[in-house]
Amino acid sequence: MKIRQLLALMEIPAPDPERLLRRIQTMERNIMLPVKTVFIGIILYSFGTPWFSEPYATDLTTQTVQLIFWFYISANVLLGVLILAMNRLPLAVVQWAVVTSSLVDGTFITGLALLSGGLDSTLFWLFVALIIRNAVSIPPGFSQLFLNFSISLCYVLIGVLEVAVLGNLSESELQSLDVVPHDALGQPFYLRLMVLLLMTGGCYGAQLLLERQEVALEEAREFGMRESQLRSAGRLAAEVAHRIKNPLAIINNAAFSLQRSLRENKNSAAQQIAIIQEEVERADRVITQIMGYAQLSEGRVEKLNVVEELDRAITQVFPPGIPTQIKVHREYAPPLPPLLMQRNHLSELVINLLQNAREAVGEKGNIFITATHRRDQSIDISVRDDGPGIPPDKIERVFEAYYTTKEKGTGLGLAIAKHNVELYSGKIRVDSEIGIGARFAVIFPSKSILNESLPI
């Protein structure tokens, strides 16, 4: 249990795709690509210079170096094209290109270091720079640790090859390769390896603190913005309800007094008064619902687990102890990020959609509730039934206030549901086909900033 808690404490929250792409663009496209372009240009220029024909540069050395260079150039041309087109490619492809590029760089530096001094090569510090670069470009977590440990193993490979392989070569072979191997892995090797491992852990720890701080700041901003939105909407709804409810109470009291004074008179007057009271009571029910909606905005924004909230709403609409022939199918696609909103808003929305679906299918049918995580970090929740469907002429009006096809309905259920969704910059729509059923789809963005181009 303690090990799990420790691992959870060390887990870094993954940055959102937009921020991760900005980091990759800054490090890989704006910094690494220009540096590699200049370096490859120098390499290509060196192929035609006397450097490769110096007396001490044997044919074997020249061929080995050129082979490494050509492999490095070819790989970077291909990966460079992917990095330049990163805005048009899926994030997974971009991340694969970055990881592959880092592995190619580590392999290339290993070959150069082995041919330019081995364990004593000053190219060791490029391994340190490569670890820092990976901490910026590679998403935090296992992939980053694995890649940086692989970079450390590249340096270990240099020592193993120099001691185990080069140590068994003859003097003439060593002279042809122009290298002087070490007899054993000494203290400098272990100190340098410790530096690489400390850099790996240090970069991970620094990123852990920075990412957690960024997540905390983003959540604080989200909480503040959504609380402000809900308070404004609540004050407006409460004010409207209060101003209408008071006159209705006066009218109701006056009608009641008038009815008492006319009990022995004509029945027509009493009938008219009964109509007045009935209409007042109806208006009072509508206003009470509006006030209940206003009270929802007085609650507290919470970090909600989507799966738990959906299951709770299903339990309320379809209690386990009450037998029913309606089958509820749940299709969740984890991992689903948390939603920052009031629990009552989400609960009222899902319960309303489930109740409508239950009434649509009647005593027997199927209801499908799904939740998926989209690429733009928004959450897609849908409720679908296999009922008779909604006529085309009524689909456009289902979200209108006071519009209802039910005998005792107020016409506020879906209107309030739509308003609840829009409070969080989300969108809701309905698709239906006669004889097949209806589907209500709701999309909640991960942030409360208005996004009119949110696809649905």
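What share of the 456 residues of the protein counts as buried? The answer is 39%, where buried means under 20% relative accessible area, exposed means over 50% and partly exposed lies in between, with a 1.4 Å probe and protein chains only.

1. Basis of the note. This is a predicted model, in which local features need pLDDT of at least 70 and side-chain atom pairs count only at pLDDT 80 or more, while totals for chains, interfaces and linings use all residues. Residues are numbered from 1 along each chain as its sequence is written, and side-chain values use heavy atoms, with hydrogens and water left out.

2. Overall architecture. The protein has 13 helices and seven strands, taken as DSSP runs numbered from the N terminus, with helices being H or I of at least four residues and strands E of at least two. Among contacts with a separation of 6 or more, 75% are between residues 24 or more positions apart, contact meaning heavy atoms within 4.5 Å.

3. The cavity. Searching the whole structure gives one cavity of 30 Å³ or more, and the largest cavity holds about 70 Å³ of space. Here a cavity is a set of points, on a 1 Å grid over the protein atoms alone, where a 1.4 Å probe fits but cannot get out, and lining residues have an atom within 4 Å of a point; the grid points are joined across faces, edges and corners, and the volume is the space filled by probe spheres set on them. The lining of the largest cavity is made up of Glu28, Met32, Leu33, Lys36, Asn76, Leu79, Gly80, Ile83, Ser101 and Arg133, and the elements that give two or more residues to this lining are helix H2 (17-47) and helix H3 (59-84). By class, four of the lining residues are nonpolar, three polar and three charged, on a scheme in which Ala, Val, Leu, Ile, Met, Phe, Trp, Tyr, Cys and Pro count as nonpolar, Asp, Glu, Lys and Arg as charged, and the others, Gly among them, as polar.

4. The structure contains 11 salt bridges, each defined as a side-chain nitrogen of Lys or Arg within 4 Å of a carboxyl oxygen of Asp or Glu. In one of them, Asp105 and Lys36 meet through their side chains with an N to O distance of 2.9 Å; this pair links distant parts of the chain, Asp105 being in helix H4 (residues 91-115) and Lys36 in helix H2, 69 residues apart. Both Asp105 and Lys36 are buried.

5. Glu309 pairs with Arg343, their closest N and O atoms being 3.0 Å apart, and because Glu309 lies in helix H10 (residues 306-317) and Arg343 in helix H11 (residues 343-361), the pair ties together parts that are 34 residues apart in sequence. Glu309 is buried at 5% relative accessible area, whereas Arg343 is partly exposed at 29%. Arg439 and Asp431 form a salt bridge with closest N and O atoms 3.7 Å apart; Arg439 is partly exposed at 27%, and Asp431 is partly exposed at 28%.

6. Thr200, in helix H8 (residues 187-261), is buried with a relative accessible area of 1%. Apart from neighbours within four places in sequence, Thr200 is in contact with Ile131, Leu145, Asn148, Phe149 and Ser152. Cys154 is buried at 15% relative accessible area, and Cys203 is buried at 14%. The count of disulfides is zero, a disulfide being a pair of cysteine sulfur atoms within 2.5 Å.

7. In helix H13 (residues 413-423), the buried residues include Leu414, Ala415, Ile416, Ala417, Asn420, Val421 and Leu423, and H13 is followed by Ser425, whose phi is positive, near 60 degrees. Ile434 lies in the loop between strand S6 (427-433) and strand S7 (437-444) and is exposed, with a relative accessible area of 52%. Although Ile434 and Pro388 are 46 residues apart along the chain, their C-alpha atoms are separated by 5.7 Å. Leaving aside neighbours within four places in sequence, Ile434 is in contact with Pro388, Gly389, Ile390, Pro391 and Pro392.

Terms used: On a 1 Å grid over the protein atoms alone, a cavity is a set of points where a 1.4 Å probe fits but cannot get out, and a pocket is an open set with protein on both sides within 12 Å along at least five of seven lines; lining residues have an atom within 4 Å of a point.
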